[in-house]
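This briefing is meant to be read with the sequence and coordinates at hand. Please keep the model open while going through the topics below.

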Amino acid sequence: PTPGDLDRIQARHVLRVITRLDPGNYFVTDGRPAGFEFELVRDFARELGLNLEVLVAESDAEVLEWLRLGVGDIATTRVSDRIVRADPALTQSRQYHFAPVVLVQPGRTRPAPLTGKRIGVRMGSMAHRTLGELVANGLHCETHLTPATASLQALATEFERGAIDAALVEAHHLAELREFAPTLVAGATVPSPFQYNWTLRASNPALRDRIDAYLERNLREARVAALASRH
């Protein structure tokens, strides 16, 4: 593959997007791709008159390596903004959505530090990746994973079984989780480096300008909010 700015991408008529499987953001259902981030970038490609090619990586390191090598043009999956800021070869679009990760515990439990706790997260979610960052930075805890394809009821069941002491979820999932476990309450917001930005090469300023204009317009017209609500 030959990397290039917007003119090179338009000449080949294909926008190559790198992502990761992520509940709600990019997943495959009935053999078709779907999700919040997928729909947003699909419509961006349509606006440019381009076909969309989606490449699914297995890790953030692979996402960024493919981007640096020119295997893809944009990474729509959220990657650590700390890594991007430290790499002059990379840049990010404007932020287009905000979904904090929150700590959830039974209402009868006094809020406590996460150290030594059994913490539930949904596999592949931003909460899962945020917990991974905390563990990499020295947090000692026991991670309990529920399947990425399972509903939040599976996480609520872990509380009922007494298998976990707490869970990490994105704030917009809290209401759904409490439908299955009404006694759960949200505690502190957990700092996360994973924000809703698209990542691309710093050598592609024209592409970044077009992305920022597209995202700003969709924010202004409330399309982003509608997509987030649906997914």
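What follows covers the strands and their pairing, a helix packed on a sheet, and the salt bridges.

The model is predicted, so local features need pLDDT of at least 70 and side-chain atom pairs count only at pLDDT 80 or more, whereas totals for chains, interfaces and linings use all residues. Residues are numbered from 1 along each chain as its sequence is written, and side-chain values use heavy atoms, with hydrogens and water left out.

**Strands and sheet**

- Five strands form an open sheet in the order β4-β1-β5-β12-β6, with mixed pairing, where strands (E, at least two residues) and helices (H or I, at least four) are DSSP runs numbered from the N terminus, and two strands pair if DSSP finds at least two bridges between them.
- The edges are held by β4 (51-56) and β6 (90-92), each of which has a single partner strand, so one side of each is left without a neighbour in the sheet.
- β6 runs antiparallel to β12 (residues 199-201) and is joined to that strand by three bridges, with Leu-90 standing opposite Arg-201 in β12.
- Elsewhere, β8 (residues 118-122) pairs with β9 (residues 142-146) in the parallel sense over five bridges, and Gly-120 stands opposite His-144 in β9.

**Helix packing**

- Helix α8 (residues 205-220) lies across β5 (74-75), β6 and β12, and runs at about 155 degrees to β12; axes are lines fitted to C-alpha atoms, for helices over the stretch in contact, with angles from 0 to 180 degrees between N-to-C directions, and contact means heavy atoms within 4.5 Å.

**Salt bridges**

- The count comes to 19 salt bridges, each defined as a side-chain nitrogen of Lys or Arg within 4 Å of a carboxyl oxygen of Asp or Glu.
- Asp-60 and Arg-20 meet through their side chains in a salt bridge (2.7 Å, N to O), which links distant parts of the chain, Asp-60 lying in helix α3 (residues 60-69) and Arg-20 in the loop between β1 (14-19) and β2 (27-29), 40 residues apart.
- Asp-60 is buried at a relative accessible area of 15%, and Arg-20 is buried at 17%, where buried means under 20%, exposed over 50% and partly exposed in between (1.4 Å probe, protein chains only).
- Arg-78 and Glu-170 form a salt bridge (3.3 Å, N to O), in which Arg-78 is buried at 1% relative accessibility and Glu-170 is buried at 3%.
- Arg-12, Arg-16, Asp-73 and Arg-201 are linked in a network of salt bridges.
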